[in-house]
Amino acid sequence: MATTDVTAPVAAPDVAPIQRRTLRLLFGTQIVGGIGVTIGIAVGALLAARIAGTAVAGLAQSAAVVGGALLAVPITRIMNGHGRRPGLAVAYLAGAVGAVLVVLATVTGWVPLLFLGMLFFGGGTAANLQARYAAVDLAEPARRGRQLSLIVWATTIGAVAAPNFAALADRTTSGWGLPPLAGPFAFSAAAFVLAAGVLLLLLRPDPLLTARRLAAAPAPVAAGPAPEVTPPAEAVTPPARTARRGAGMRAAWQVVRGRPAARLGIAAVAVGHVVMVAVMSMTPVRLGESHGDADVLRVVGIVLSLHIAGMYALSPLVGWLTDRVGRRAVILTGVASLLAACAVAGTAGHDTPRLSVGLVLLGLGWSGTMVAGSTLLSESVPAAVRPSVQGFSDLTMGLAGAVAAAVSGFVMRAAGYPVLTLLAAVATVPLVALALRPVPVGAPDEED
(Lines give C-alpha, C1' and ligand atoms only; values in the text may rest on other atoms or scores of the structure.)
Protein backbone atom coordinates (compact mmCIF):
# COMPACT_ATOMS: atom_id res chain seq x y z
CA MET A 1 0.00 0.00 0.00
CA ALA A 2 2.74 2.45 0.93
CA THR A 3 4.40 2.08 -2.48
CA THR A 4 1.32 2.40 -4.66
CA ASP A 5 1.99 4.69 -7.60
CA VAL A 6 -1.01 6.98 -7.92
CA THR A 7 -0.10 7.93 -11.48
CA ALA A 8 0.05 4.42 -12.93
CA PRO A 9 -2.83 2.12 -13.81
CA VAL A 10 -3.90 0.08 -10.80
CA ALA A 11 -4.21 -3.66 -11.28
CA ALA A 12 -7.31 -5.40 -10.04
CA PRO A 13 -5.52 -7.21 -7.16
CA ASP A 14 -4.58 -3.80 -5.67
CA VAL A 15 -8.18 -2.60 -5.46
CA ALA A 16 -9.20 -4.54 -2.34
CA PRO A 17 -6.56 -3.07 0.01
CA ILE A 18 -7.11 0.40 -1.44
CA GLN A 19 -10.84 0.07 -0.78
CA ARG A 20 -10.30 -1.13 2.80
CA ARG A 21 -7.99 1.78 3.52
CA THR A 22 -10.45 4.22 1.92
CA LEU A 23 -13.33 2.93 4.04
CA ARG A 24 -11.31 3.21 7.25
CA LEU A 25 -10.33 6.79 6.49
CA LEU A 26 -13.84 7.81 5.47
CA PHE A 27 -15.34 6.17 8.55
CA GLY A 28 -13.01 8.11 10.85
CA THR A 29 -13.44 11.46 9.13
CA GLN A 30 -17.22 10.99 9.04
CA ILE A 31 -17.21 10.74 12.83
CA VAL A 32 -15.07 13.87 13.19
CA GLY A 33 -17.03 15.74 10.54
CA GLY A 34 -20.34 14.62 12.05
CA ILE A 35 -19.28 16.08 15.39
CA GLY A 36 -18.34 19.35 13.67
CA VAL A 37 -21.69 19.61 11.86
CA THR A 38 -23.94 18.59 14.74
CA ILE A 39 -22.22 20.59 17.47
CA GLY A 40 -22.81 23.75 15.44
CA ILE A 41 -26.35 22.94 14.39
CA ALA A 42 -27.25 22.09 18.00
CA VAL A 43 -26.80 25.73 19.05
CA GLY A 44 -27.21 27.50 15.69
CA ALA A 45 -30.85 28.47 16.18
CA LEU A 46 -30.23 29.62 19.77
CA LEU A 47 -27.28 31.72 18.67
CA ALA A 48 -29.23 33.26 15.80
CA ALA A 49 -32.11 34.05 18.15
CA ARG A 50 -29.78 35.94 20.48
CA ILE A 51 -28.11 37.91 17.72
CA ALA A 52 -30.92 38.48 15.21
CA GLY A 53 -34.12 37.68 17.11
CA THR A 54 -36.39 34.67 17.36
CA ALA A 55 -38.34 35.54 14.20
CA VAL A 56 -35.34 34.80 11.94
CA ALA A 57 -33.68 32.08 14.01
CA GLY A 58 -34.93 29.35 11.70
CA LEU A 59 -33.37 31.07 8.69
CA ALA A 60 -29.92 30.39 10.09
CA GLN A 61 -30.51 26.64 9.82
CA SER A 62 -31.97 27.09 6.34
CA ALA A 63 -28.85 29.02 5.32
CA ALA A 64 -26.70 26.04 6.32
CA VAL A 65 -28.91 23.67 4.30
CA VAL A 66 -28.86 25.90 1.22
CA GLY A 67 -25.12 26.45 1.60
CA GLY A 68 -24.48 22.71 1.65
CA ALA A 69 -26.56 22.28 -1.50
CA LEU A 70 -24.92 25.14 -3.41
CA LEU A 71 -21.39 24.18 -2.37
CA ALA A 72 -21.96 20.77 -3.94
CA VAL A 73 -21.49 22.44 -7.36
CA PRO A 74 -17.89 23.73 -6.98
CA ILE A 75 -16.95 20.70 -4.89
CA THR A 76 -17.96 18.28 -7.64
CA ARG A 77 -16.05 20.36 -10.19
CA ILE A 78 -12.94 19.92 -8.08
CA MET A 79 -13.59 16.19 -7.81
CA ASN A 80 -14.06 15.93 -11.56
CA GLY A 81 -10.68 17.43 -12.27
CA HIS A 82 -8.62 16.26 -9.31
CA GLY A 83 -10.40 13.46 -7.43
CA ARG A 84 -12.26 12.90 -4.17
CA ARG A 85 -9.41 13.86 -1.87
CA PRO A 86 -9.13 17.59 -2.69
CA GLY A 87 -12.89 17.92 -3.17
CA LEU A 88 -13.72 16.58 0.29
CA ALA A 89 -10.92 18.61 1.86
CA VAL A 90 -12.15 21.85 0.27
CA ALA A 91 -15.68 21.12 1.47
CA TYR A 92 -14.51 20.67 5.06
CA LEU A 93 -12.33 23.78 4.86
CA ALA A 94 -15.32 25.79 3.59
CA GLY A 95 -17.22 24.57 6.65
CA ALA A 96 -14.31 25.66 8.87
CA VAL A 97 -14.32 29.14 7.31
CA GLY A 98 -18.07 29.34 7.92
CA ALA A 99 -17.65 28.33 11.56
CA VAL A 100 -14.99 31.03 12.07
CA LEU A 101 -17.29 33.63 10.49
CA VAL A 102 -20.08 32.61 12.88
CA VAL A 103 -17.71 33.08 15.82
CA LEU A 104 -16.79 36.54 14.52
CA ALA A 105 -20.48 37.35 14.07
CA THR A 106 -21.08 36.35 17.69
CA VAL A 107 -18.31 38.68 18.86
CA THR A 108 -19.37 41.62 16.69
CA GLY A 109 -23.15 41.06 16.69
CA TRP A 110 -23.23 41.60 12.90
CA VAL A 111 -26.22 39.66 11.56
CA PRO A 112 -25.20 39.50 7.83
CA LEU A 113 -21.90 37.93 8.86
CA LEU A 114 -23.81 35.30 10.83
CA PHE A 115 -25.85 34.22 7.81
CA LEU A 116 -22.80 34.27 5.55
CA GLY A 117 -21.02 32.06 8.06
CA MET A 118 -23.93 29.61 8.23
CA LEU A 119 -23.97 29.49 4.42
CA PHE A 120 -20.32 28.37 4.34
CA PHE A 121 -20.86 26.17 7.38
CA GLY A 122 -22.96 23.98 5.08
CA GLY A 123 -19.68 22.82 3.54
CA GLY A 124 -19.31 20.38 6.42
CA THR A 125 -22.66 18.83 5.54
CA ALA A 126 -21.70 18.73 1.86
CA ALA A 127 -18.50 16.85 2.72
CA ASN A 128 -20.37 14.32 4.87
CA LEU A 129 -22.83 13.69 2.05
CA GLN A 130 -20.21 13.38 -0.69
CA ALA A 131 -18.15 10.95 1.38
CA ARG A 132 -20.79 8.24 0.92
CA TYR A 133 -20.12 8.30 -2.81
CA ALA A 134 -16.36 7.97 -2.31
CA ALA A 135 -17.09 4.72 -0.48
CA VAL A 136 -18.43 3.03 -3.63
CA ASP A 137 -15.92 4.22 -6.24
CA LEU A 138 -13.95 0.97 -5.87
CA ALA A 139 -16.57 -1.21 -4.19
CA GLU A 140 -17.49 -4.58 -5.65
CA PRO A 141 -20.99 -4.47 -7.20
CA ALA A 142 -22.34 -6.97 -4.67
CA ARG A 143 -21.11 -4.86 -1.72
CA ARG A 144 -21.83 -1.30 -2.84
CA GLY A 145 -24.94 -0.86 -0.71
CA ARG A 146 -23.26 -2.16 2.45
CA GLN A 147 -20.12 -0.07 2.05
CA LEU A 148 -22.06 3.11 1.27
CA SER A 149 -24.36 2.53 4.26
CA LEU A 150 -21.34 1.99 6.53
CA ILE A 151 -20.21 5.57 5.86
CA VAL A 152 -23.76 6.86 6.39
CA TRP A 153 -23.85 4.98 9.69
CA ALA A 154 -20.55 6.52 10.84
CA THR A 155 -22.30 9.90 10.88
CA THR A 156 -24.48 8.56 13.70
CA ILE A 157 -21.53 8.30 16.06
CA GLY A 158 -20.59 11.94 15.52
CA ALA A 159 -24.21 13.11 15.67
CA VAL A 160 -24.83 11.31 18.97
CA ALA A 161 -21.56 12.45 20.56
CA ALA A 162 -21.71 16.08 19.42
CA PRO A 163 -24.39 17.46 21.81
CA ASN A 164 -22.29 16.24 24.72
CA PHE A 165 -19.40 18.38 23.49
CA ALA A 166 -21.45 21.58 23.14
CA ALA A 167 -21.46 22.50 26.83
CA LEU A 168 -17.77 21.52 27.17
CA ALA A 169 -16.86 23.67 24.17
CA ASP A 170 -18.75 26.64 25.59
CA ARG A 171 -17.09 26.33 28.99
CA THR A 172 -13.65 25.94 27.45
CA THR A 173 -13.85 28.97 25.15
CA SER A 174 -15.44 31.22 27.78
CA GLY A 175 -11.95 31.48 29.25
CA TRP A 176 -10.72 32.77 25.91
CA GLY A 177 -13.07 35.73 26.05
CA LEU A 178 -15.59 34.38 23.52
CA PRO A 179 -19.31 35.12 24.09
CA PRO A 180 -21.69 32.32 25.09
CA LEU A 181 -22.62 29.85 22.32
CA ALA A 182 -19.57 30.79 20.23
CA GLY A 183 -17.50 27.91 21.61
CA PRO A 184 -19.30 25.08 19.76
CA PHE A 185 -18.57 26.75 16.42
CA ALA A 186 -14.91 27.16 17.35
CA PHE A 187 -14.83 23.40 18.02
CA SER A 188 -16.62 22.81 14.71
CA ALA A 189 -13.90 24.74 12.87
CA ALA A 190 -11.21 22.61 14.55
CA ALA A 191 -13.05 19.37 13.69
CA PHE A 192 -13.44 20.37 10.04
CA VAL A 193 -9.75 21.32 9.73
CA LEU A 194 -8.76 17.99 11.29
CA ALA A 195 -10.94 16.02 8.87
CA ALA A 196 -9.59 17.98 5.88
CA GLY A 197 -6.00 17.44 6.97
CA VAL A 198 -6.43 13.69 7.45
CA LEU A 199 -8.00 13.31 4.01
CA LEU A 200 -5.36 15.40 2.26
CA LEU A 201 -2.53 13.45 3.85
CA LEU A 202 -3.86 9.91 3.86
CA LEU A 203 -6.52 9.41 1.17
CA ARG A 204 -3.99 8.10 -1.34
CA PRO A 205 -4.43 6.75 -3.96
CA ASP A 206 -7.58 8.65 -4.71
CA PRO A 207 -10.52 6.21 -5.10
CA LEU A 208 -12.23 8.12 -7.90
CA LEU A 209 -9.07 8.54 -10.00
CA THR A 210 -8.24 4.89 -9.44
CA ALA A 211 -11.73 3.85 -10.58
CA ARG A 212 -11.36 5.97 -13.71
CA ARG A 213 -8.02 4.39 -14.58
CA LEU A 214 -9.54 0.95 -14.18
CA ALA A 215 -12.49 1.93 -16.38
CA ALA A 216 -10.16 3.30 -19.06
CA ALA A 217 -7.76 0.34 -19.02
CA PRO A 218 -8.03 -1.87 -22.12
CA ALA A 219 -9.54 -5.28 -21.48
CA PRO A 220 -7.30 -8.32 -22.10
CA VAL A 221 -7.87 -9.97 -25.48
CA ALA A 222 -7.48 -13.56 -26.56
CA ALA A 223 -4.66 -14.66 -28.83
CA GLY A 224 -5.26 -14.43 -32.55
CA PRO A 225 -6.24 -11.71 -35.02
CA ALA A 226 -7.81 -8.70 -33.32
CA PRO A 227 -11.42 -8.06 -34.33
CA GLU A 228 -12.13 -4.80 -36.09
CA VAL A 229 -14.33 -3.04 -33.55
CA THR A 230 -14.47 0.53 -32.38
CA PRO A 231 -13.69 0.78 -28.64
CA PRO A 232 -16.12 2.67 -26.40
CA ALA A 233 -15.52 6.40 -26.12
CA GLU A 234 -14.62 6.12 -22.47
CA ALA A 235 -11.93 3.56 -23.23
CA VAL A 236 -10.05 5.83 -25.63
CA THR A 237 -10.59 9.17 -23.93
CA PRO A 238 -8.27 10.04 -21.05
CA PRO A 239 -10.28 10.19 -17.81
CA ALA A 240 -9.17 13.71 -16.97
CA ARG A 241 -10.28 15.06 -20.36
CA THR A 242 -13.62 13.25 -20.10
CA ALA A 243 -14.09 14.62 -16.59
CA ARG A 244 -13.48 18.21 -17.67
CA ARG A 245 -15.89 17.85 -20.56
CA GLY A 246 -18.66 16.61 -18.27
CA ALA A 247 -17.99 18.78 -15.25
CA GLY A 248 -21.08 20.98 -15.19
CA MET A 249 -24.54 20.49 -13.73
CA ARG A 250 -26.05 20.80 -17.22
CA ALA A 251 -23.87 17.94 -18.43
CA ALA A 252 -24.90 15.94 -15.38
CA TRP A 253 -28.56 16.46 -16.20
CA GLN A 254 -27.94 15.33 -19.78
CA VAL A 255 -26.47 12.08 -18.45
CA VAL A 256 -29.28 11.54 -15.94
CA ARG A 257 -32.02 12.31 -18.44
CA GLY A 258 -30.96 9.43 -20.68
CA ARG A 259 -30.65 6.87 -17.89
CA PRO A 260 -33.85 5.63 -16.18
CA ALA A 261 -31.89 4.03 -13.33
CA ALA A 262 -30.08 7.29 -12.59
CA ARG A 263 -33.37 9.20 -12.63
CA LEU A 264 -34.83 6.76 -10.15
CA GLY A 265 -31.79 7.09 -7.88
CA ILE A 266 -32.00 10.89 -7.79
CA ALA A 267 -35.77 10.83 -7.32
CA ALA A 268 -35.47 8.39 -4.41
CA VAL A 269 -32.91 10.54 -2.61
CA ALA A 270 -34.77 13.83 -3.21
CA VAL A 271 -38.33 12.66 -2.48
CA GLY A 272 -37.30 10.75 0.64
CA HIS A 273 -35.54 13.88 1.90
CA VAL A 274 -38.52 16.12 1.12
CA VAL A 275 -40.96 13.93 3.06
CA MET A 276 -38.57 13.58 5.99
CA VAL A 277 -37.77 17.29 6.27
CA ALA A 278 -41.38 18.45 5.85
CA VAL A 279 -42.73 16.21 8.62
CA MET A 280 -39.74 16.34 10.95
CA SER A 281 -39.34 20.12 10.92
CA MET A 282 -42.91 20.72 12.12
CA THR A 283 -43.01 17.92 14.70
CA PRO A 284 -41.53 20.13 17.47
CA VAL A 285 -44.28 22.66 16.77
CA ARG A 286 -46.85 19.89 17.02
CA LEU A 287 -45.38 18.78 20.34
CA GLY A 288 -45.44 22.36 21.58
CA GLU A 289 -49.23 22.37 21.19
CA SER A 290 -49.62 19.70 23.88
CA HIS A 291 -46.68 20.29 26.22
CA GLY A 292 -45.83 23.28 28.37
CA ASP A 293 -42.60 25.23 28.26
CA ALA A 294 -41.20 23.23 31.17
CA ASP A 295 -41.43 19.90 29.31
CA VAL A 296 -41.44 20.65 25.61
CA LEU A 297 -37.66 20.79 25.09
CA ARG A 298 -37.15 17.50 26.89
CA VAL A 299 -39.92 15.80 24.91
CA VAL A 300 -38.70 17.24 21.60
CA GLY A 301 -35.19 16.00 22.36
CA ILE A 302 -36.41 12.46 23.03
CA VAL A 303 -38.63 12.30 19.95
CA LEU A 304 -35.98 13.72 17.61
CA SER A 305 -33.34 11.39 19.08
CA LEU A 306 -35.57 8.43 18.21
CA HIS A 307 -36.03 9.89 14.74
CA ILE A 308 -32.27 10.24 14.20
CA ALA A 309 -31.80 6.66 15.41
CA GLY A 310 -34.30 5.57 12.75
CA MET A 311 -32.35 7.50 10.11
CA TYR A 312 -28.88 6.14 10.83
CA ALA A 313 -28.76 3.29 13.36
CA LEU A 314 -30.03 0.59 10.99
CA SER A 315 -28.32 1.88 7.83
CA PRO A 316 -25.88 -1.11 7.71
CA LEU A 317 -28.90 -3.42 7.61
CA VAL A 318 -30.47 -1.25 4.92
CA GLY A 319 -27.25 -1.46 2.93
CA TRP A 320 -27.16 -5.25 3.27
CA LEU A 321 -30.75 -5.48 2.05
CA THR A 322 -29.91 -3.15 -0.84
CA ASP A 323 -27.27 -5.63 -2.01
CA ARG A 324 -29.31 -8.72 -1.19
CA VAL A 325 -32.83 -7.96 -2.48
CA GLY A 326 -32.10 -5.12 -4.92
CA ARG A 327 -32.08 -1.33 -5.13
CA ARG A 328 -35.65 -0.82 -6.32
CA ALA A 329 -37.07 -3.19 -3.72
CA VAL A 330 -35.43 -1.25 -0.90
CA ILE A 331 -36.55 2.08 -2.41
CA LEU A 332 -40.16 0.87 -2.48
CA THR A 333 -39.82 -0.46 1.07
CA GLY A 334 -38.51 2.96 2.11
CA VAL A 335 -41.49 4.63 0.48
CA ALA A 336 -43.82 2.24 2.32
CA SER A 337 -42.17 3.24 5.59
CA LEU A 338 -42.55 6.93 4.74
CA LEU A 339 -46.26 6.42 4.00
CA ALA A 340 -46.71 4.52 7.27
CA ALA A 341 -44.91 7.34 9.09
CA CYS A 342 -47.24 9.95 7.61
CA ALA A 343 -50.29 7.84 8.53
CA VAL A 344 -49.15 7.21 12.11
CA ALA A 345 -47.89 10.73 12.83
CA GLY A 346 -50.79 12.44 11.06
CA THR A 347 -53.40 10.54 13.08
CA ALA A 348 -51.51 10.58 16.40
CA GLY A 349 -53.19 13.75 17.64
CA HIS A 350 -51.46 14.68 20.89
CA ASP A 351 -50.39 11.10 21.67
CA THR A 352 -46.65 11.58 22.06
CA PRO A 353 -45.64 7.86 22.07
CA ARG A 354 -47.56 7.29 18.83
CA LEU A 355 -46.00 10.39 17.30
CA SER A 356 -42.59 9.01 18.30
CA VAL A 357 -43.34 5.78 16.44
CA GLY A 358 -44.24 7.82 13.38
CA LEU A 359 -40.93 9.70 13.55
CA VAL A 360 -38.96 6.44 13.84
CA LEU A 361 -40.73 5.11 10.74
CA LEU A 362 -39.96 8.41 9.02
CA GLY A 363 -36.25 7.95 9.73
CA LEU A 364 -36.30 4.35 8.49
CA GLY A 365 -38.01 5.41 5.26
CA TRP A 366 -35.41 8.13 4.69
CA SER A 367 -32.63 5.60 5.26
CA GLY A 368 -34.08 3.22 2.68
CA THR A 369 -34.49 5.83 -0.04
CA MET A 370 -31.12 7.47 0.72
CA VAL A 371 -28.96 4.33 0.80
CA ALA A 372 -30.63 2.45 -2.06
CA GLY A 373 -31.09 5.58 -4.19
CA SER A 374 -27.46 6.69 -3.75
CA THR A 375 -26.18 3.21 -4.56
CA LEU A 376 -28.35 2.94 -7.69
CA LEU A 377 -27.29 6.39 -8.88
CA SER A 378 -23.58 5.72 -8.40
CA GLU A 379 -23.59 2.50 -10.42
CA SER A 380 -25.81 3.87 -13.19
CA VAL A 381 -23.41 6.46 -14.64
CA PRO A 382 -19.87 6.26 -16.06
CA ALA A 383 -16.94 7.01 -13.77
CA ALA A 384 -15.94 10.07 -15.82
CA VAL A 385 -19.13 11.99 -15.00
CA ARG A 386 -20.02 10.31 -11.71
CA PRO A 387 -19.02 13.21 -9.40
CA SER A 388 -21.04 15.70 -11.45
CA VAL A 389 -24.14 13.51 -11.31
CA GLN A 390 -23.68 12.87 -7.59
CA GLY A 391 -23.24 16.58 -6.97
CA PHE A 392 -26.36 17.27 -9.01
CA SER A 393 -28.22 14.78 -6.81
CA ASP A 394 -27.05 16.44 -3.59
CA LEU A 395 -27.90 19.88 -4.99
CA THR A 396 -31.40 18.68 -5.87
CA MET A 397 -31.83 17.02 -2.49
CA GLY A 398 -30.63 20.06 -0.53
CA LEU A 399 -32.71 22.62 -2.37
CA ALA A 400 -35.78 20.37 -2.26
CA GLY A 401 -35.32 19.93 1.49
CA ALA A 402 -34.94 23.67 2.02
CA VAL A 403 -38.16 24.34 0.08
CA ALA A 404 -39.95 21.60 2.02
CA ALA A 405 -38.87 23.12 5.33
CA ALA A 406 -40.04 26.58 4.28
CA VAL A 407 -43.39 25.43 2.85
CA SER A 408 -44.16 23.12 5.77
CA GLY A 409 -44.42 26.08 8.13
CA PHE A 410 -47.06 27.76 5.99
CA VAL A 411 -49.01 24.50 5.60
CA MET A 412 -48.85 23.89 9.35
CA ARG A 413 -50.17 27.34 10.14
CA ALA A 414 -52.90 27.29 7.48
CA ALA A 415 -54.17 23.70 7.67
CA GLY A 416 -52.50 21.88 10.54
CA TYR A 417 -50.16 18.95 11.06
CA PRO A 418 -52.47 16.18 9.71
CA VAL A 419 -52.83 17.96 6.36
CA LEU A 420 -49.06 18.44 6.23
CA THR A 421 -48.47 14.70 6.65
CA LEU A 422 -51.11 13.97 3.99
CA LEU A 423 -49.39 16.27 1.48
CA ALA A 424 -46.02 14.70 2.35
CA ALA A 425 -47.49 11.27 1.58
CA VAL A 426 -48.86 12.49 -1.76
CA ALA A 427 -45.35 13.71 -2.67
CA THR A 428 -44.20 10.07 -2.89
CA VAL A 429 -46.54 9.25 -5.81
CA PRO A 430 -44.09 10.23 -8.61
CA LEU A 431 -41.35 8.19 -6.96
CA VAL A 432 -43.57 5.12 -6.75
CA ALA A 433 -44.46 5.52 -10.44
CA LEU A 434 -40.76 5.69 -11.38
CA ALA A 435 -39.82 2.73 -9.18
CA LEU A 436 -42.53 0.49 -10.67
CA ARG A 437 -41.41 1.15 -14.24
CA PRO A 438 -38.95 -1.37 -15.71
CA VAL A 439 -35.40 -0.04 -15.39
CA PRO A 440 -32.64 -1.41 -17.67
CA VAL A 441 -29.87 -3.01 -15.66
CA GLY A 442 -26.34 -3.02 -16.98
CA ALA A 443 -22.92 -1.50 -16.58
CA PRO A 444 -22.89 2.18 -17.48
CA ASP A 445 -19.99 1.74 -19.87
CA GLU A 446 -21.94 -0.94 -21.73
CA GLU A 447 -24.91 1.43 -22.01
CA ASP A 448 -22.62 4.05 -23.49
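Mentor: A residue is called buried when its relative accessible area is under 20%, exposed when it is over 50%, and partly exposed in between (1.4 Å probe, protein chains only). At 3% relative accessibility, Thr-421 therefore counts as buried. Please note that this is a predicted model, in which local features need pLDDT of at least 70 and side-chain atom pairs count only at pLDDT 80 or more, whereas totals for chains, interfaces and linings use all residues. Residues are numbered from 1 along each chain as its sequence is written, and side-chain values use heavy atoms, with hydrogens and water left out.

Thr-421 is placed in helix H17, residues 417–426; helices (H or I, at least four residues) and strands (E, at least two) are DSSP runs, numbered from the N terminus. A polar atom of the Thr-421 side chain lies 2.7 Å from the backbone oxygen of Pro-418. Leaving aside residues up to four places away in sequence, Thr-421 touches Val-279, Cys-342 and Gly-346, where contact means heavy atoms within 4.5 Å.

We now turn to the salt bridges. A salt bridge is a side-chain nitrogen of Lys or Arg within 4 Å of a carboxyl oxygen of Asp or Glu. By this rule, the count comes to six.

One of them joins Asp-137 and Arg-84, with the closest N and O atoms 2.7 Å apart. Asp-137 lies in the loop between helix H4 (111–134) and helix H5 (144–174), and Arg-84 in helix H3 (residues 84–108), so the pair ties together parts that are 53 residues apart in sequence. Asp-137 counts as buried because its relative accessibility is 7%, and Arg-84 counts as buried at 0%.

Another salt bridge is formed by the side chains of Arg-144 and Glu-379, at 2.9 Å from N to O. This pair links distant parts of the chain, 235 residues apart: Arg-144 belongs to helix H5, and Glu-379 to helix H15 (residues 352–379). Arg-144 has 22% relative accessibility and therefore counts as partly exposed, whereas Glu-379, at 17%, counts as buried.

The side chains of Asp-323 and Arg-327 also meet in a salt bridge, at 3.2 Å from N to O. Both Asp-323 and Arg-327 are buried. Finally, these residues may be viewed together: Arg-144, Arg-146, Asp-323, Arg-327 and Glu-379 are linked in a network of salt bridges.

Definitions and conventions: Polar contact = N/O pair within 3.5 Å; in protein donor to acceptor, adjacent residues only side chain to side chain.
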